[in-house]
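Okay, everyone, let's get going.

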Amino acid sequence: MPDLHLTQDRASSAEMAAVDAALATLGVTPAVVEETERLVRGGIHRKNERRHALLPALHALQTESGWISKGGTNYIAETLNVPPAEIYGVASFYEMFRVDTAPDHDENVAHVCVDSPCLEFAEAKIAELEADGTPIHRSPCLGQCERATPDHGPALFIQGRKAANSVPSDSSDLWDLPQKHEYGLKLLKNVGRIDPTSLDAYVGAGGYKALAKAFALGPDKVIEEVSAAGLMGRGGAAFPTGVKWRGVAAESGTKHIVVNADESEPGTFKDRTIMEHDPFSLIEAMTIAGFATGAQKGWIYIRGEYPLATERLQIAIDSARVAGFVGDGIARSSFNFDIEIRRGAGAYICGEETALFNSLEGFRGEPRQKPPFPTTNGLFDQPTAINNPETLLNVLPIMLEGGEVYGNLGTEGSSGHKLFCLSGHIAAPGTYEVEFGPTLRDVLELGGGVQGTLKAVLLGGAAGSFVGLDALDMPLTMEATRAAGASLGSGVVMAFNDTTDFDAVCVRIAEFFRNESCGQCVPCRIGAVRQHEVLVRTSGSKLNGELKLLQDIDLAMKDASICGLGHTASTAVLSAIDLGLIG
Amino acid sequence: MTSRQQPVAASETAVTISVNGSDVSVPEGGTILDACSAAGIETPTICYAENLTPVNACRVCVVEVENSRTLVPSCSRAAEPGMVVQTDSERVRHSRKMVLEFLGSGVDLSQADQLAPWMEKYGSDPGRYGESPETMNEEVRIEDNLYIRDYDKCVLCYKCVEACGDDAQHTFAISMSGRGFGARIATEFDVALPDSACVYCGNCVAVCPTNALQFKTEFDLREMGNWREEEQEVTQTVCSYCGVGCNLELHTQDERIVKVTSPADHSVTSGHLCIKGRFGWQYVHAGADEVDVQIGR
Amino acid sequence: MLLWGSNAREAHPIFFHHLMTGLDNGATMYAVDPRRTSSSKFADMWLGLNLGSDVALANTVANHIINKGLVNTEFIAHSTQGYEEYKAAVAPYTLEHGEALTGLPGSAIAEMAEAYATAETAQILWTLGITEHHNAVDNVLALCNLALLTGHIGRWGSGLVPLRGQNNVQGGGDMGALPNKFPGFQNVTDPNHRAKFEAVYGVDLPAEDGIHLTLMFEAMERGEITTAYVIGENPADSEADIQHARKLLSGLDMLVVQDIFMTRTAELADVVLPASVGWAECEGTVTSSERRVQRVRAAVPPPGEARHDQDIIGELARRMGYDWGQPTSEDLWEELRSLSPLHGGMTYARLESESGLQWPCPDLGHPGSPFLHGWLWEDDLGGREPSPFSIVEHQGPKEELSEEFPYRLTTGRSLDSYNTGVQSGGYDSPIRYGDALDINPADAQRLDLVDGERVLVSSPRGSVEMPIRVQPDIPVGLTFTTFHFPELVDINLLTNDAWDKRSGTAEFKAAAIRIEKLATPAVPEPVAGA
């Protein structure tokens, strides 16, 4: 800690400048200050206050040098007073930070998605890029699943060196929303219809009316409305939002709103849709959450592979701040609420809320044991309401229409509207909004129908499960999927036709969990590897006696892992076996 | 005149929970593991130590708590009034068996003596994972004369990281690095220990449950086939260096000190020592021959 | 926490664990030390005062606390005496004056003063940075004054914490290894105390105080002491102005050394008595800094003819005509318990079962005393006089810098080594760098020296050759070295034996030196302001 021991490696002046600039953006000063030659401020407290700047500093170093260089590490260590071993431990945790000394740090790296639905196009693309000499990184899902078509090929993300990260398929055009001619959209109503970079356009489309309504209601009433609407989290866990907010509101001291925009569940891209095309709605909704819970600070933790969403959110925050919608005295009230964006660095596990807190705080993104829960011990161990972007977006119509009215939409157990991420063998992949109620068949039809002969649908992503043709008439509601032993998860509806190599798909799902396990707990760290090994060695053949082994592994991971990653790591694979897709 | 003359007293309130059908009381803030111990129920642990903050990573101490969807780690979950706990249910036995089996399939547990009886009890069979399950596959690292690192034996329990970090030494020479099965305990960029921040307090070695970290004296004796733990005696005494009063446990074999530890429950050290206390004993034996000649000892 | 003249991170590492726990729990630490030590890097603020300006800093802190109205008025009125005189004496130590004397910004001094005075609990912790000065007692009293001013004494969590450097230096004093005390700090000159010991020992005891080590050397110089019996001490390496000390030891008629090794002192001896290792080969007790008496136990037998200290002394007594029999260490301890009220309640059985006990522990029902001076808070002061403020003035180091000797040398410990290395030299530490002269990069540049270069270092008493270690943590004008490797660098050839008449401790912490390049010896330029 403060008595740092550094190797001789020194940072280049460009590295120092890059780190300094990143810290200056955050308003973070060096941890150790020599006021005179013989008067120095430092110590544990100044170090602890600055630790959260570690991830932004590492991003700056990675972008400048193409890797987490030894000299750069030492410079960050000195500046933030974080021991170099801890910096290495954090950096080596993330996909986007390179700590090896390989010689190709001086080029951009193409991250090619190898998860379904990109999987079937991935190797061809990799071969093509490698032929060009482009450094390749086989990436887990990049959240662009709607682009995985024979024309486009797999999702790509370019990690820049001395250049910003980019997604080749991103464009500044208004998005061509599949449902742009539909009326009655509540969550996607602005998507593809207004300029996502213009606050004026947002206000012109009715923006910030919900916040005004919230101010008129007062914090307590806002939570009542959200509870009355029966809003449940859309990130996968389906926890009642009103209960969460009530819990945070009851706490005192510094409190936080965290938007979990680390959208990494394979097959999921709905939050990207919102953030790229309607960032102001998210800003407004989280401001309402802050107002209702009495939080002073809002954070958007967004996955590092979403450069366009990050850029547009930043534009939205900046222009909202100028207009008095972010910062002190919002809309001339006495309510103060600031919002900051933090970028993840490539780790599926950071979508787990407590892992996200650790990551944001500058530590390895390892989940924490619960209890205690975030409502009392969240970000910086302070009370925190953490919500998915889609969940928060629901708050706007709840404010405008009233909780009861909104709650009457949908079904008995699933109120309101829901976004689905349609991908795979489907005519028009994309983000679709429905009022809860349609069946799986209806939703597939919404996306133009299945291409080829449908064999199975993956619901809820890699952590979800496969369903077969007998599920086509199942309503895609929380209660109906639960009754069928599946789950909606994050709204993934990934269609597979009968040309699919399910062995390959399942081996990759197992590999995904093996790679994305943080490694903290034994059941998940080793169980995910053993599961993958079984699938690799039985691929294309019968499981025979190995099924018992998979079931034993599954039960231990479900029962004894720390977090949801381990709990769900074998769900999809076992459902594929049940359906006879493999084994 | 008034002044506080005592520390704030620990809570006197007791919490009663049910463990395997019997009521057990622990002081408020006590864990399920504490309750199990109070009830005389032995619980396997790997990453738990009384002088470290629980990280609940190994999951071998899991128990079944009524109304909890998953099993819970007894080492870190506080006992709550009315909790109903099962420590030997089918689910508990299965998870404990599997955790030990997983470790046995990937890690060299040959010197993790306290785990063998548990593996036997739960019927762990590390051999059922095919012909070549992935293992830690690490070479022994010998970088100095004080201790060695044999990461083939490492179960990634975090104990050494905690002892090096803010649970004791605050040196932070090592961290968990990487992710998943590739996670390893490492210095920055895996530099050799003498080039790292390590100050050789040996507190990491003292807390290691599997002998992945070993004092060089022990390692050398083992290499020679002359490590005879069952014959060793342990004598508690006080360190001869500074005036802090650290208690030492001198482990002796053949009238020679072979390693030094400190009692984890001692108020001065909490089991932690510095380089002098841990390794500075060698003068008791080293050079003795030479001195014998000089002064007729 | 005011960590003042202590590098506990290296000298008392496990004690420092407790300080770090405090910091993790929200405590604030100010480190006062001329060097930016590894301990000071944990502090919220490091105050690198001019070496030897501790009294000036303490008095400035006091004056600021008084001026800000932050004194503990009730405590001062009830528990102290001499406040008005003290207040007048520190009045000249304004922030401006303090700044001039200490080299620290007045605002920083004020900040530390206010933090100390307003803290709910606060401690001042020190080591040899306070006591190895010619005005050591003044330094200590100056710190005691601060505790009296604020009432940060005699309460749980507050207090004055001198950290003892050796595992039983506290116990040695407790057991009467002082020239003026019997065991339990009972006065040699007090007839009642003397009578008690004479009754048990069965001999007449001298009625006058003896003399301490520093005076013994002076007595040797005058020829008044001609025989010395040295037990477990290596003065031929450890004394300041070592050449002088060695000459005196060599000139004795008779020198007996009882030690576990053939030390430099033993080499000068007429008779060497091989002793055993106290903590690993003997039974007994030691007493730590926190007055905790703990058992040491024999784990291995002593080699060859080496014997327990108590056996050797007993055998000497027998040869002198007094047969003490073969008492066990517990027998001796029981006698001590009967004579020293501080230890009366400490049986071996209790020491074993209660992880040691802190004195005073007068009877078997007493739990021991985690802190002292609680009487200051009792309504009747426990029948004692109120505690006096002490008026002390800034003096600075005895040896002033000059054109001839323009650099300041101070000495201290490093983490992996101990004193003259007799014990710590026995293991192979990967972090050992040997004695080197730490010097600021700017000074190294001025002297045209590179890291690791060997130089000639001279003080008015002698010269040594040693390598330098360029260290940004050492301020300009100051140099530092350890004293762990006398066989490599005889550093006490340089140190100043000017000593405090009240404590007997020499000013190891402040000598004036010059540094010369070996290849092309040249007179270095004086440091600005020196």
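So, what share of the 297 residues in chain B is buried? Buried residues make up 54% of them. By buried I mean that 20 or more other C-beta atoms lie within 10 Å of the residue's own, while exposed is 12 or fewer and partly exposed is in between, with C-beta atoms placed from the backbone.

Some housekeeping. This is a predicted model, where local features need pLDDT of at least 70, side-chain atom pairs count only at pLDDT 80 or more, and totals for chains, interfaces and linings use all residues. Residues are numbered from 1 along each chain as its sequence is written, and chains are lettered from A and ligands numbered from 1 in the order in which they are written.

Staying with chain B for a moment: there are eight helices and 13 strands in it. Those are DSSP runs, helices being H or I with at least four residues and strands E with at least two, numbered from the N terminus. Along the principal axes, the C-alpha atoms of chain B fill a box of roughly 75 × 75 × 40 Å. Of the contacts in chain B with a separation of 6 or more, 54% are between residues 24 or more positions apart. A contact here means that the C-beta atoms of two residues, placed from the backbone, lie within 7 Å.

Now, who touches whom? Between chains B and C, 57 residues of chain B are in contact with 57 residues of chain C. On the chain B side, the elements giving two or more residues are β11 (233-238), β12 (247-253), β13 (256-261), α7 (275-279) and α8 (288-295). The largest share, five residues, comes from α8(B). That side divides into 27 nonpolar, 22 polar and eight charged residues. For the bookkeeping, Ala, Val, Leu, Ile, Met, Phe, Trp, Tyr, Cys and Pro count as nonpolar, Asp, Glu, Lys and Arg as charged, and the others, Gly among them, as polar.

Chain C also meets chain A, with 20 residues of chain C in contact with 12 residues of chain A. On the chain C side, α2 (13-24) and β3 (45-47) are the elements that give two or more residues, and β3(C) has the largest share, three residues.

Next, chain A against chain B. Helix α20 (residues 522-538) of chain A and helix α2 (residues 90-106) of chain B have axes that come within 9 Å and cross at roughly 60°. The axes are lines fitted to C-alpha atoms, for helices over the stretch in contact, and angles run from 0 to 180 degrees between N-to-C directions. That makes α20(A) oblique to α2(B); under 35 degrees counts as roughly parallel, over 145 as roughly antiparallel, 65 to 115 as roughly perpendicular, and the rest as oblique. Among the residues making the contact are A:I526 and A:R530 of α20(A) and B:F102 and B:L103 of α2(B). The contact residues come out as seven nonpolar, three polar and one charged.

The helix α20(A) has another partner, this time in its own chain. It packs with α19 (residues 502-516) of chain A at an angle of about 160°, with the axes 8 Å apart, so the two are roughly antiparallel. Residues in α19(A) including A:V507 and A:F513 meet residues in α20(A) including A:V529 and A:L535.

On to the inside. The largest nonpolar core has 400 residues, and A:A57, A:I288 and A:V457 are those with the most contacts inside it. A core here is a set of buried Ala, Val, Leu, Ile, Met, Phe, Trp, Tyr and Cys residues joined through C-beta atoms within 7 Å. Helix α12 (residues 279-293) of chain A gives the largest share, nine residues. Not counting residues up to four places away in sequence, A:I288 touches A:A210, A:L211, A:A214, A:V222, A:V395 and A:M399.

A cis peptide bond joins A:S116 and A:P117, with omega about 5°, and A:P117 sits in the loop between β3 (109-113) and α6 (119-131) of chain A. The bond from C:W359 to C:P360 is also cis, with omega near 0°. Then there's A:R332, which is not a glycine but has a positive phi of about 60°. A:R332 is exposed, with 8 other C-beta atoms within 10 Å.
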